[in-house]
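Biologist: I would like to go through this model with you, one topic at a time. Shall we begin?

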Amino acid sequence: MSNSERFTAAYDYAAMKHEGQLRKGGEPYITHPAAVAEMLGEQGYDEDYLIAGLFHDLLEDTDASEEDISNLGGEAVLEAVRLLTKREGYVMSEYIAGIKQNPIAFAVKAADRLHNLRSAFVADDAFKRRYISESNEWFLDFSPEIPKAVKALEDSLSAPENGVGHSDEG
């Protein structure tokens, strides 16, 4: 991951905006955008991609402003984050088409989906089924790792009950 002042400021902003939010497994929400940024860094993407990874859920899930995102990340990051934000009444095919036209948004969404697939084992079976279905319909071509992660999540459905995440739908 990047150690620049710009990245650190972006991380601090994302952590502040996601403060108090939790993932399905109970961990602080910031662990997800941080993991997305880390995956992008491991793939050799530059700092704009990493910051977009940190910011990808801000407009959708927090009161972050486009102005703050632009000031901290720049216009390329803001454009990617806008494309990654599901607005009320969005149409999935249009949402995906927009993402596929922007290299930053595409890379971030691939890392986001992959991390979410790898993290979904704590969710209940109904959530897993919906997530598998959506992944199969829209995201298999985003990364060669996604079909493998979908298969692993599918395999977890047939596993014996382990008492994890039965009503954890948030």
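Biologist: How do the axes of helix 7 and helix 8 cross?
Modeller: In this predicted model, the axes of helix 7 (residues 92–100) and helix 8 (residues 103–119) come within 6 Å and cross at roughly 115 degrees. Axes are lines fitted to C-alpha atoms, for helices over the stretch in contact, and angles run from 0 to 180 degrees between N-to-C directions. Helices are DSSP runs (H or I, at least four residues), numbered from the N terminus.

Biologist: Which residues make the contact?
Modeller: Helix 7 contributes Tyr95, Ile99 and Lys100, and helix 8 contributes Ala105, Phe106 and Lys109. Contact here means heavy atoms within 4.5 Å. By class, four of these residues are nonpolar, none is polar and two are charged. Ala, Val, Leu, Ile, Met, Phe, Trp, Tyr, Cys and Pro count as nonpolar, Asp, Glu, Lys and Arg as charged, and the others, Gly among them, as polar.

Biologist: Before we move on, what are the ground rules for the numbering and the values?
Modeller: Residues are numbered from 1 along each chain as its sequence is written, and side-chain values use heavy atoms, with hydrogens and water left out. As the model is predicted, local features need pLDDT of at least 70 and side-chain atom pairs count only at pLDDT 80 or more, while totals for chains, interfaces and linings use all residues.

Biologist: What is the volume of the largest pocket?
Modeller: The volume is about 660 Å³. On a 1 Å grid over the protein atoms alone, a pocket is an open set of points where a 1.4 Å probe fits, with protein on both sides within 12 Å along at least five of seven lines, and lining residues have an atom within 4 Å of a point. Grid points are joined across faces, edges and corners, and the volume is the space filled by probe spheres set on the points.

Biologist: Which lining residues are closest to its centre?
Modeller: Of the 29 residues that line the largest pocket, Arg23, Tyr29, Asn116, Phe127 and Tyr131 are the closest to its centre. Helix 8 gives the most to this lining, with five residues. By class, the lining has nine nonpolar, seven polar and 13 charged residues.

Biologist: Take Arg23, then. Is that residue buried or exposed?
Modeller: Arg23 is buried, because its relative accessible area is 12%; buried means under 20%, exposed over 50%, and partly exposed in between (1.4 Å probe, protein chains only). Arg23 lies in the loop between helix 1 (5–17) and helix 2 (31–42).

Biologist: Which side chains does the Arg23 side chain make polar contacts with?
Modeller: There is one with the side chain of Asn116 at 3.1 Å and one with the side chain of Ser119 at 3.4 Å. A polar contact is a pair of N or O atoms within 3.5 Å; within protein, one must be able to donate a hydrogen and the other to accept it, and residues adjacent in sequence count only if both atoms are side-chain atoms.

Biologist: Switching to Lys128: where is that residue, and is it buried or exposed?
Modeller: Lys128 is in helix 9 (125–138) and is buried, with a relative accessible area of 6%. A polar atom of the Lys128 side chain lies 3.5 Å from the backbone oxygen of Phe121.

Biologist: And why does Glu75 count as exposed?
Modeller: Glu75 counts as exposed because its relative accessibility is 52%. Glu75 is found in helix 6 (residues 75–84), and a polar contact of 2.6 Å joins its side chain to that of Ser70.

Terms used
Helices (H or I, at least four residues) and strands (E, at least two) are DSSP runs, numbered from the N terminus.
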